[in-house]
Amino acid sequence: MPQILDNIENNFNVKKIKSLIKQYQCPFWVYDSDIIYKKIQLLKKFDVIRFAQKACSNINILRLMKNEQLKIDAVSLGEIKRALLAGFKKNTNDIVFTADILDQETLSTIIDCKIPVNAGSLDMLTELGKHSPGHHIWLRINPKFGYGHSKKTNTGGENSKHGIWNPVAAIPIIKKYKLKLIGLHMHIGSGVNYVHLKKVCKSMIDNVMKLNQQVSSISAGGGLPIPYTFNEPHIDIEKYFKLWDASRKKISKFLGKKIELEIEPGRFLVGESGILVSQVWAVKKMGTKNFVLIDVGFNDLMRPTMYGSYHHISVIAGDEREINTNEIVETVVAGPLCESGDIFTQTAGGTIQTRKLPVIKVGDYIIFHDTGAYGASMSSNYNSRPLIPEILLKNNCSFIIRRRQTIEDLLQLETSCFKKI
């Protein structure tokens, strides 16, 4: 839920943000470690909390997770390398690799490090079995239905590329290569609808019974939502846990053994911990619309352009005046990219919307709330724009956990090839 900037009891207040602006050049990301710790505590009833690092993959955030005894879900070779650098161990259950395909380099690393694989396709399973007989695996099951806050975040059903449609077909491959099936994973998409959740829990039980294999774990996947607006409720974690725990108990009874219950949150742990601080560089009228142009674009914060996602916006004065919240202007907030879609106030279909904001002047600061998940991790270098820094607030101090990328950093990747041409 968006933080109120006049609440001095949290780290995201006007005084604190202004001090960060003086210390670090705009724009930049900020994370509050206190919020992450509090979110972790809410999930402690689960046997294993496995952080879906794609939501926020900074190595320093991963180290914070490790210090709290979390485990890691990795979905690429780069994410495996990040987890290892952060201190997660090889040849353990610290890291699980989840994917639908296996390229050669990733396969080699997985074999060398003995990292369990959560397989999303039969071809992937066969490839792994050929090169690493006896490897520890999970099966990611597509339950033939899905759910998500966007069509692009729906990970179940026939329109999703994810998971194995008929998991029974995996058994001959498992037996042929003596693969060790340790768990079943089921995730239908981001967001929680309890009608769908009950269906997922039932599907997990049904699939365990059909497969009748001595797995030791089941994973509820991730997708736990956060409230991006003030009127959205927080997810009922107790209700969510009880539904999955009841399923776990039925599975334990059927298999005659204790079953571990994993959860795989990404956004839930880090989303509300982050803000994006930007500065206004131009204000202009375009017909009847009032545009405010800032120094971050969709290359920095992709979610509004990709999904039509809402992020609450606060304004901090760049001078000594008080922001007048009684004088409201319908405002379009846009970035500097050479793209018409570089708009932070738009719908999922790309329709431009306005946001009720106070009168904004050049030099003021725009704060995007709840950007800790899929903010920095989805950033790109589009328009040859360097990645902006990430700042972590911890123990009343601030730390740079990713320095500002320079244009020279970008060009080096290409100029180093000049002599070869």
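Student: Where is Cys338 placed?
Tutor: Helices (H or I, at least four residues) and strands (E, at least two) are DSSP runs, numbered from the N terminus. Here, Cys338 sits in the loop between β13 (328-334) and β14 (355-358). This is a predicted model, where local features need pLDDT of at least 70, side-chain atom pairs count only at pLDDT 80 or more, and totals for chains, interfaces and linings use all residues. Residues are numbered from 1 along each chain as its sequence is written, and side-chain values use heavy atoms, with hydrogens and water left out.

Student: What does UniProt list Cys338 for?
Tutor: An unreviewed UniProt entry lists Cys338 for "active site". UniProt positions are given in the numbering used here, feature names are shortened, and annotations may be inferred rather than shown by experiment.

Student: Is Cys338 buried or exposed?
Tutor: Buried means under 20% relative accessible area, exposed over 50%, and partly exposed in between (1.4 Å probe, protein chains only). Cys338 has 67%, so it is exposed.

Student: And Ser309, buried or exposed?
Tutor: Ser309 counts as buried because its relative accessibility is 9%. You'll find Ser309 in the loop between α11 (303-307) and β12 (313-316).

Student: Which side chain does the side chain of Ser309 make a polar contact with?
Tutor: A polar contact is a pair of N or O atoms within 3.5 Å; within protein, one must be able to donate a hydrogen and the other to accept it, and residues adjacent in sequence count only if both atoms are side-chain atoms. For Ser309, the partner is the side chain of Arg303, at 3.3 Å.

Student: What about Thr305, which residues does it touch?
Tutor: Contact means heavy atoms within 4.5 Å. Not counting residues up to four places away in sequence, Thr305 touches Phe298, Gly341, Ile343 and Gln346. The Thr305 side chain also reaches the backbone oxygen of Gly341 at 3.1 Å. Thr305 belongs to helix α11 and is partly exposed, at 23%.

Student: How many residues are in the largest nonpolar core?
Tutor: A nonpolar core is a set of buried Ala, Val, Leu, Ile, Met, Phe, Trp, Tyr and Cys residues joined through side-chain atoms within 4.5 Å. The largest one has 93 residues, and Trp244 is among those with the most contacts inside it. Helix α8 (residues 194-211) gives this core its largest share, 7 residues.

Student: Why does this core lie between domain 1 and domain 2?
Tutor: Domain bounds come from an automatic or database domain assignment. Domain 1 (44-268) and domain 2 (271-412) both give residues to this core, so it lies between them.
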